[in-house]
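Grab a pencil and work through the exercises below. Each one has a task, then a solution in steps.

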Amino acid sequence: SQHWRPGSPQCRGRARREDTKTRLLPSTTVRRTQESEIKLMKDIKFFTAELEYQRQELEKGEQFPEGYDTEVNKLRQQLLHFQNDLNQIQERIAQQKSRAI
């Protein structure tokens with residue numbers, strides 16, 4: 001580390017560089033914040049469009065006449081059946097635990 005006399009040209013030059021760094025730091029931070037905000041806005045637009053697309057696709061899938069068996073409906077029924085079985089098993093386990101206490 002060099003030691004310069006106060007008021008020397010080297011010391012004044014270093015002070016100017018430090019002052020420039022101090023002034024640039026907030027603008028850099030602002031720029032990064034703005035870039036992050038722009039990216040988030042783009043993400044919002046993308047996810048909003050994706051959500052709308054998926055909603056429309058879901059509506060298309062639900063427009064089949066009642067009783068119309070599609071693979072999706074069969075899988076939905078199977079999933080519901082398994083979920084109901086799981087709920088019953090969990091309830092029985094909870095009842096057994098409460099009796100054991």
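**Exercise 1: A lysine and an aspartate**

Work out how the side chains of aspartate 43 and lysine 39 meet, and where the two residues sit.

Step 1. The side chains of lysine 39 and aspartate 43 meet in a salt bridge, 2.9 Å from N to O. The term means a side-chain nitrogen of Lys or Arg within 4 Å of a carboxyl oxygen of Asp or Glu.

Step 2. Both belong to helix α1, and because they are four residues apart, about one helical turn separates them. Helices here are DSSP runs (H or I, at least four residues), with strands being E runs of at least two, numbered from the N terminus.

Step 3. Aspartate 43 has 26% relative accessibility, so it counts as partly exposed. The scale: buried is under 20% relative accessible area, exposed is over 50%, and partly exposed is in between (1.4 Å probe, protein chains only).

Before going on, keep in mind that this is a predicted model, where local features need pLDDT of at least 70, side-chain atom pairs count only at pLDDT 80 or more, and totals for chains, interfaces and linings use all residues. Residues are numbered from 1 along each chain as its sequence is written, and side-chain values use heavy atoms, leaving out hydrogens and water.

**Exercise 2: Aromatic rings**

Find which residues form an aromatic pair, and classify it.

Step 1. Rings of Phe, Tyr and Trp (its six-membered ring) pair if their centres lie within 6.5 Å; planes under 30 degrees apart are stacked, over 60 edge-to-face, the rest tilted.

Step 2. That rule gives one aromatic pair. Phenylalanine 46 and phenylalanine 47 form it, edge-to-face, at 5.2 Å centre to centre with 70 degrees between the planes.

Step 3. Phenylalanine 46 is partly exposed at 49%, while phenylalanine 47 is exposed at 52%.

**Exercise 3: The chain overall**

What does the secondary structure come to, and what share of residues is buried?

Step 1. The chain has two helices and zero strands.

Step 2. Of its 101 residues, 5% count as buried.
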